Amino acid sequence: MSVASYEKKEGGYNKVFIFTMDNASRVVARLPTRISGPPGLTTNSEVATMKYLQSKTRIPIPKILEWSDDSTNAIGSEYIVMEHAKGVQLHQKWPAMSLEQRVACTGAIVENIKQMAAIDFQAYGSLYFDNVDIDSALKHSFTPGYVIGPHCGTTYWDCEAREPRYYSSAKPNRGPWFDPGAFCSALIDVGVSRLPPTDASVNKKPPYHGAVAEHIRLLNFGRDVASELINNPRIQKAAAPILLHHDLHKRNIYVFDEDPTTITSIIDWQSSSINPAFMHANDVPDFAAHGPTPDEHFPSEGLPAKDDAKLCNQAFIAGVRLLVPKLYATWELDDDIARFFEYCHRTYRDGAGILRQVLMDLANRWKELALAGSCPYPVPTSEEWLAHREEYKALESAQELKKFVASRLNTASDGWVPTDAWKETIEDHKKLYDEFLHSMGEEDLSKVWPFDRPCSSSEV
């Protein structure tokens with residue numbers, strides 16, 4: 001058997017080659033990029049996770065044919081070679097599916113989530129083969145052949161070009177962790193590690209972003225708030241260690257072409273790790289999102305698209321409530337509590353105002369939320385509240401601008417663009433930026449523009 005043809009696809013986290021063999025079968029080779037996660041560990045964990053789930057569940061996962069987590073191998077890169085997923089991507093079928101098919105497909109996906117969530121773990125982190133090349137002190141024995149080790153998610157590593165880490169004030173804290181308090185402490189450490197040692201880079205940020213000292217103040221309060229929250233029985237109930245797919249959206253789900261209610265494969269398990277269930281409190285897959293999505297320009301027969309989306313959302317929630325109690329417990333948490341865990345480590349990425357807003361909301365509602373004692377973050381004075389509101393309005397405007405620009409350019413929220421649309425998007429980006437220049441100065445616009453300063457495609 002030999003290769004008859006191949007197709008190359010560029011992604012933010014992987015380079016993908018799809019080989020068509022001379023017998024018409026297809027094979028996929030994935031090579032991780034530098035920003036996908038820690039070298040060696042990301043690939044080892046992905047393969048271990050896939051193989052473990054294949055041995056313990058009925059989740060349809062492509063068969064791995066060959067892999068290497070050693071970039072010094074003959075091809076000079078880590079890689080995973082696997083069979084091509086069977087069926088077609090769900091996002092290709094979804095627009096033409098009837099409401100009944102969409103609901104049935106949603107139920108089939110929940111059944112797969114149930115199988116993932118049914119596995120019990122005793123620690124938070126990532127799953128690896130027991131011979132993974134890490135310090136033995138970082139290996140927690142799980143089951144023969146497998147260990148739980150450091151979390152391989154990019155949140156915990158210095159691998160993102162636009163988010164360097166500084167470990168002078170907080171040492172790397174990547175797990176494994178054996179209680180939710182230790183996990184939450186690591187989240188705060190992540191937030192601290194994102195802060196530069198001086199305010200030099202802040203001069204390039206918009207005013208609402210906040211000085212380093214303000215970020216430190218908020219993160220210190222965040223650590224105290226986390227310590228109080230994690231003692232609450234409701235939050236402990238929602239902290240069960242759970243392994244879920246990192247990106248369970250329609251593009252990573254394959255179905256039968258003739259019957260799109262049957263799941264044939266789930267792909268892209270990169271960075272899928274073991275987290276407290278409450279870290280998934282706001283995760284709603286795109287097939288169950290209740291709100292306008294691109295697919296809803298294709299309503300199914302008999303009901304407006306928005307009603308289809310609402311019913312799929314209800315079916316997803318009902319299915320999780322019945323079959324995945326670990327996950328449903330997180331949805332019973334108040335939104336302000338869930339938002340704290342989501343944003344407590346992201347102050348330097350998002351701006352100080354978001355965590356400050358979260359802390360203020362918790363301080364104002366502490367008793368209402370039936371939390372013990374008093375909130376470590378003081379209830380703001382009216383003057384503090386007014387000053388914060390002005391800053392927060394500017395932050396919200398910047399977020400709306402980012403959504404608008406991403407929508408106009410048809411990019412992902414982080415600016416990722418398919419290779420075949422790159423040149424056109426570069427030109428559109430420059431035109432859109434120039435439109436805004438008519439009403440804003442270059443210096444002001446550069447501080448709030450969500451992406452790098454644009455250039456023409458000839459300059460790239």
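**View 1. Strands β2 and β3 pair side by side in the antiparallel sense.** Start with Lys-15, whose bridge partner in β3 is Leu-31. This predicted model has β2 at residues 14-21 and β3 at residues 26-32. Seven bridges link the two strands. To follow the chain from β2 into β3, trace the hairpin, which has four residues between the strands. Look out for Ala-24 in that turn, with its positive phi of about 80°.

**View 2. Strand β1 pairs with β2 in the antiparallel sense.** Here you can find β1, residues 3-10, joined to β2 by seven bridges. A handy landmark is Ser-5, whose bridge partner in β2 is Thr-20. Three residues make the link in the hairpin that takes β1 to β2.

**View 3. Helices α12 and α13 pack at an angle of about 140°.** Now we move to a pair of helices. Helix α12 covers residues 382-409 and α13 covers residues 422-437, and their axes lie 10 Å apart. Because of that angle, α12 counts as oblique to α13. The crossing of the two helices is right-handed.

**View 4. Side by side, these residues make the contact of α12 with α13.** On the α12 side, look for Leu-401, Phe-404, Val-405, Arg-408 and Leu-409. Facing them from α13 are Thr-425, Asp-428, His-429, Leu-432, Glu-435 and Phe-436. Which classes of residue does the contact of α12 with α13 have? Six are nonpolar, two are polar and three are charged.

Note on methods
Residues are numbered from 1 along each chain as its sequence is written. This is a predicted model: local features need pLDDT of at least 70, side-chain atom pairs count only at pLDDT 80 or more; totals for chains, interfaces and linings use all residues. Side-chain values use heavy atoms; hydrogens and water are left out. Axes are lines fitted to C-alpha atoms, for helices over the stretch in contact, and angles run from 0 to 180 degrees between N-to-C directions. Angles under 35 degrees count as roughly parallel, over 145 as roughly antiparallel, 65 to 115 as roughly perpendicular and the rest as oblique. A crossing is left-handed if the near helix is turned anticlockwise from the far one by less than a right angle, and right-handed if clockwise. Contact means heavy atoms within 4.5 Å. Ala, Val, Leu, Ile, Met, Phe, Trp, Tyr, Cys and Pro count as nonpolar, Asp, Glu, Lys and Arg as charged, and the others, Gly among them, as polar. Two strands pair if DSSP finds at least two bridges between them.
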